[in-house]
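This briefing sets out the sheet, the cores and selected helices of one protein. The points below are grouped by topic and are meant to be read beside the sequence and the structure.

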Amino acid sequence: MQSVKNDILLNCIGDIIAKNPDNNEHTILIVDDEINNIQLLKRTFRGKYKILTATNGLEGLQTLKDNIEEVSLIVSDHKMPVMEGTKFLEEANIIAPDVVKILLTGFSDIDIITDAVNKCNLFQYVLKPFNPEELQEAVRNGIDKFDLASSKSLILKDLKELFYKTIKSIASALDAKDPYTHGHSMRVTLYSIILAKELNVPEGELEQIETAGLLHDIGKIAIPQAILCKPGKLTDDEFAIMKSHPINSEKLIASIKKLHEISPGVKHHHERWDGKGYPDRLEGENIPYSARIIAIADTYDAMTSTRSYRKALEHDIAISEIDRCKGGQFDPVMAQKFVEIQDIIKAAKDNPEEYYLKYSTLYKEMRLAE
Ligand SMILES: [Fe+2]
């Protein structure tokens with residue numbers, strides 16, 4: 001008798017889905033302990049959706065894990081041996097939070113349903129015996145929700161890619177303005193993120209340091225080429241103009257909300273630990289953390305690059321200079337760490353593109369979103 005009822009029930013589901021014009025790109029996982037139900041559902045959904053089945057919650061979780069990239073929606077019965085449907089969906093939600101979950105339940109117990117909605121991120125429950133129209137709508141809406149979430153993540157991916165490539169392009173455009181500083185912004189950023197990682201800066205702040213590194217000298221766009229590329233020593237007036245670039249950098253990024261958080265690192269990258277820097281003569285820990293990191297990376301790259309007024313210094317000499325200036329020009333803890341990791345810095349200097357992709361948080365974020 002029970003089997004006949006189930007057949008009728010599942011024929012209803014079959015009719016509902018058969019009328020549904022949804023395409024078969026989506027995979028639905030059906031979890032039900034009744035073998036007859038499973039068979040009927042498989043026949044019903046053939047050609048419309050790809051169907052995966054499991055006869056209990058544990059098996060359902062394994063099937064979900066094995067097909068995590070494919071499953072769009074789960075329809076689970078509630079009353080099952082081994083693991084109740086709500087428990088299964090709760091576990092499934094941890095594995096696949098974006099997969100849409102529908103619970104079939106014979107209970108109208110509001111506590112069970114409320115619990116399921118909260119714990120399982122339940123999209124909808126359908127009471128048994130269910131109204132065919134209601135289940136049809138639940139499946140259709142569930143698939144729509146999944147598609148919407150997917151398109152959101154595609155938009156997010158595009159935005160991350162756009163952000164990464166735009167920031168990198170701006171930095172490259174700046175570096176191209178002066179042939180002697182070619183690749184400077186990228187290398188300063190690279191040394192900054194290596195140092196930041198070695199200082200155990202939290203993952204969330206690495207992206208800010210990276211962005212600040214790429215844009216730290218953006219204000220140099222407003223500096224005349226004659227000053228920027230002058231082969232000899234700058235006059236006092238020229239140096240005053242040159243010293244305006246951190247404030248120009250800050251002004252340029254001020255209009256972009258997403259970049260507000262990197263302002264301190266950009267504006268203060270020429271401050272000195274001993275308070276003799278610019279633009280605000282900040283001292284010690286009053287200098288923003290990211291600015292102290294960029295200051296060391298910036299100086300190292302300036303020393304190890306050929307400039308219009310002198311040849312590049314050897315790595316060892318630049319490191320000795322960083323060491324000598326700890327507690328004077330530089331944060332002593334950070335400078336010490338930079339000296340300690342000099343082998344990594346040297347390797348990064350010799351192969352900046354490879355190391356950049358290895359260390360870049362922005363690049364990693366962009367790839368993760370793919
Ligand atoms: Fe600078």
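Two strands are taken to pair if DSSP finds at least two bridges between them. Under that criterion, strand 3 (residues 71-77) and strand 4 (residues 100-105) pair, running parallel and joined by 5 bridges. The model is a predicted one. Its secondary structure comprises 18 helices and 5 strands.

**Overall composition**

- The protein has 370 residues, of which 35% are buried.
- Among contacts with a sequence separation of 6 or more, 64% are between residues 24 or more positions apart.

- The 5 strands form an open sheet in the order 2-1-3-4-5, and the pairing is parallel.
- Strand 2 and strand 5 (124-127) are the edge strands, each of them pairing on one side only.
- On average, neighbouring strands of this sheet are turned by 20° against each other, direction ignored.
- Helix 3 (residues 57-66) packs on the sheet, where it touches strand 1 (27-31), strand 2 and strand 3. The direction of helix 3 makes about 165° with that of strand 1.
- In general, the strands of a sheet pair through backbone hydrogen bonds, in either a parallel or an antiparallel sense.

**Strand 3 and its partners**

- Strand 3 is mostly covered, with 7 of its 7 residues buried.
- Strand 1 pairs with strand 3 in the parallel sense, over 5 bridges. Here I30 has V75 of strand 3 as its bridge partner.
- Towards strand 4, the bridge partner of I74 is K101.
- A right-handed β-α-β unit is made by strand 3, helix 4 (residues 85-95) and strand 4.

**I51 in strand 2**

- I51 belongs to strand 2 (residues 50-54).
- I51 counts as partly exposed because it has 18 C-beta neighbours inside 10 Å, whereas a buried residue needs 20 or more.
- I51 and T27 are 24 residues apart along the chain, and their C-alpha atoms are separated by 5.7 Å.

**Nonpolar cores**

- The largest nonpolar core has 44 residues, and the members that touch the most others are Y191, L195, L215 and I296.
- At least two residues of this core come from each of helix 6 (132-177), helix 7 (184-198), helix 8 (203-215), helix 13 (289-304), helix 14 (315-324), helix 15 (332-340), helix 16 (342-350) and helix 17 (352-359).
- Leaving aside residues up to four places away in sequence, Y191 touches A297, Y300, D301, I345 and A348.
- A second, separate core holds 28 residues, including Y49, A54, V100 and V139.
- In soluble globular proteins, nonpolar side chains tend to be buried together.

**Helix 15**

- The buried residues of helix 15 are M334, A335 and F338. They lie on the same side of helix 15, because they cover an arc of only 100° around the axis.
- V333 and E340 are exposed on the other side of helix 15.
- The cover over the buried residues of helix 15 includes helix 7, helix 13, helix 14 and helix 16.

**Helix 11**

- In helix 11 (residues 245-254), the residues H245, P246, S249, E250 and I253 are buried. Their arc around the axis is only 145°, so they lie on the same side of helix 11.
- Helix 8, helix 10 and helix 12 (263-267) are among the elements that cover the buried residues of helix 11.

**I241 in helix 10**

- I241 is located in helix 10 (residues 236-242).
- I241 is partly exposed because 15 other C-beta atoms lie within 10 Å; the exposed class requires 12 or fewer.
- Not counting residues up to four places away in sequence, I241 touches I223 and I227.
- The C-alpha atoms of I241 and K220 are 9.7 Å apart in space, while the two residues are 21 residues apart in sequence.

How values were computed: Residues are numbered from 1 along each chain as its sequence is written. This is a predicted model: local features need pLDDT of at least 70, side-chain atom pairs count only at pLDDT 80 or more; totals for chains, interfaces and linings use all residues. Helices (H or I, at least four residues) and strands (E, at least two) are DSSP runs, numbered from the N terminus. Two residues are in contact if their C-beta atoms, placed from the backbone, lie within 7 Å. Axes are lines fitted to C-alpha atoms, for helices over the stretch in contact, and angles run from 0 to 180 degrees between N-to-C directions. A nonpolar core is a set of buried Ala, Val, Leu, Ile, Met, Phe, Trp, Tyr and Cys residues joined through C-beta atoms within 7 Å. The arc is that of the directions from the helix axis to the C-beta atoms. A crossover is right-handed if, with the strands pointing away from the viewer, the path from the first strand over the helix to the second runs clockwise.
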